[in-house]
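Please look over the sequence and the model before reading on.

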Amino acid sequence: MSPHDDIPAYMAHLGAAARDASTVMARAGTRAKDAALTALARRLRADGPALAGANARDITAAEAAGLAAPMVDRLRLTPAVIETVAQGCEQLAAMPDPIGEITGVKRRPTGISVGQMRVPLGVFGMVYESRPNVTIEAASLAIKSGNACILRGGSEAIHSNLALWRVVQQALADAGLPAQAVQLVETTDRAAVGRLIAMPEFVDVVIPRGGKGLIERIAAEARVPVIKHLDGNCHTYVDAEVDIAQALVVTENAKTQKYSPCNATESLLVHAASAPDFLPRIGAVFATKGVEMRCDPAAAALLRAVPGARVVPATEADWSTEYLAPIISVKVVASLDEAIAHINRYGSHHTDAILTTHHPSAMRFLREVDSASVMVNASTRFADGFEYGLGAEIGISTDKFHARGPVGLEGLTSMKWVVLGQGEIRA
């Protein structure tokens, strides 16, 4: 069915096909799923020139439309990007299959045994922007987790996404699995998104991956559950007892290794006992990299003397802002209690780190900071499914139900109760 004739009918057609395919994927064996993933990796490498041609069309259109350079860079399907997603498919194929695993089995006094089995969610919808590599990440996770999915990428990457999707369908066919298990919405009409997120009869969960505006719209309008995060206002807190040299290296990486990801540090908190030593030194690092520091009065007093430092008074809004840019808010705090309270008030519950040599402080921070990922003496940039050993991730969740943090294979599954008996009846 053409997506241009009737959007509601077209989306219902995709939904019905996905629902049918999901029943086949749910019972697919590990060997078939892994064969599809290895075939996908092989085809991605072999189809490099064709994928580059499709991607070139998107790049040309994006540049002609005046898209900002960082947005254009996100569109690029370079050989390195293709190789990375191909390796991701192979890594998923090598991972254990979670589907069908039964855990926690306990014998009850009545004679029955009760446990839980891990099963696929069914059909998930994915709405994303810019990066066409997400098409492969989502497809590969759907395959390994035994789900079907309906993907809707950004209009700026339509030709790249279509080309990648066709490779996915060929790989599924190679393994004897239904090509409809991974479907791509072939229209850029925004009405298709509205239908995708309002079809509970076909879609079990929706995962938005993109800017705050996209995620807010989907969270507000969806009629199916949404796995989401709105902001990545991540904090690094430098404690009173700390290895200053280590803290400098970690803080620099957390902020400047890459500015655009949601796991980059946006807010720096420094204990008053460490601030006179630490702040001028990290300020010098930020000055050489052109990072603007939006400071409270105490931090500003220590940073203004740093040559080349860009110091600006912080506003109340700065404490809760995700910059995605070479800007960081900086505050001096009097205690660990104040740091934790600040993070829980202004943070986005994404990722927060403490840099400390004091074990009790580290343990308090881990227990009391209410975020999806909490770290000790490590860069917030590690909050990533690949870095966590998940093989790949479909997104980050700051929700508290079902999935939290990087969402990998297990985040795309559910648990159902299983009862094993030998003819027992309830008295």
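Does His349 count as buried, exposed or partly exposed? At 26% relative accessibility, His349 counts as partly exposed, where buried means under 20% relative accessible area, exposed over 50%, and partly exposed in between (1.4 Å probe, protein chains only). The structure is a predicted model, in which local features need pLDDT of at least 70 and side-chain atom pairs count only at pLDDT 80 or more, while totals for chains, interfaces and linings use all residues. Residues are numbered from 1 along each chain as its sequence is written, and side-chain values use heavy atoms, with hydrogens and water left out.

**Backbone at two residues**

- His349 has a positive phi of about 65° although it is not a glycine.
- His349 lies in the loop between helix H13 (336–346) and strand E12 (351–355); helices (H or I, at least four residues) and strands (E, at least two) are DSSP runs, numbered from the N terminus.
- Ser130 is likewise not a glycine and has a positive phi of about 65°.
- The loop between E3 and H6 holds Ser130, and this residue is buried, with a relative accessible area of 4%.

**The sheet and the helices on it**

- An open sheet is formed by four strands in the order E5-E4-E3-E6, with parallel pairing; two strands pair if DSSP finds at least two bridges between them.
- Strand E5 (182–184) and strand E6 (205–209) are the edge strands, each pairing on one side only.
- Neighbouring strands of this sheet are turned by 20° against each other on average, direction ignored.
- Strand E3 (residues 123–128) and strand E4 (residues 148–152) run parallel and are joined by five bridges.
- Val123 has Ala148 as its bridge partner in E4.
- Helix H1 (residues 7–27) packs on the sheet and touches E3, E4 and E5, contact meaning heavy atoms within 4.5 Å.
- The direction of H1 makes about 150° with that of E4; axes are lines fitted to C-alpha atoms, for helices over the stretch in contact, and angles run from 0 to 180 degrees between N-to-C directions.
- H6 also packs on the sheet, touching E3, E4, E5 and E6, and its direction makes about 170° with that of E3.

**Helix pairs**

- Helix H2 (residues 30–46) packs against helix H6 (residues 133–144) at an angle of about 160°, with their axes 9 Å apart.
- H2 and H6 are therefore roughly antiparallel to each other; angles under 35 degrees count as roughly parallel, over 145 as roughly antiparallel, 65 to 115 as roughly perpendicular and the rest as oblique.
- H2 contributes residues including Leu37, Leu40 and Leu44 to this contact, and H6 contributes residues including Ile136 and Ile143.
- The residues of the contact of H2 with H6 divide into six nonpolar, two polar and three charged; Ala, Val, Leu, Ile, Met, Phe, Trp, Tyr, Cys and Pro count as nonpolar, Asp, Glu, Lys and Arg as charged, and the others, Gly among them, as polar.
- Helix H3 (residues 48–64) and helix H7 (residues 158–174) have axes that come within 7 Å and cross at roughly 160°.
- H3 and H7 are therefore roughly antiparallel to each other.

**Cysteines**

- A search of the whole structure finds zero disulfides, a disulfide being a pair of cysteine sulfur atoms within 2.5 Å.
- For Cys149, the nearest cysteine sulfur is that of Cys89, 12 Å away.
- Cys149 is buried, with a relative accessible area of 0%.
- For Cys295, the nearest cysteine sulfur is that of Cys234, 19 Å away.
- Cys295 is buried, with a relative accessible area of 3%.
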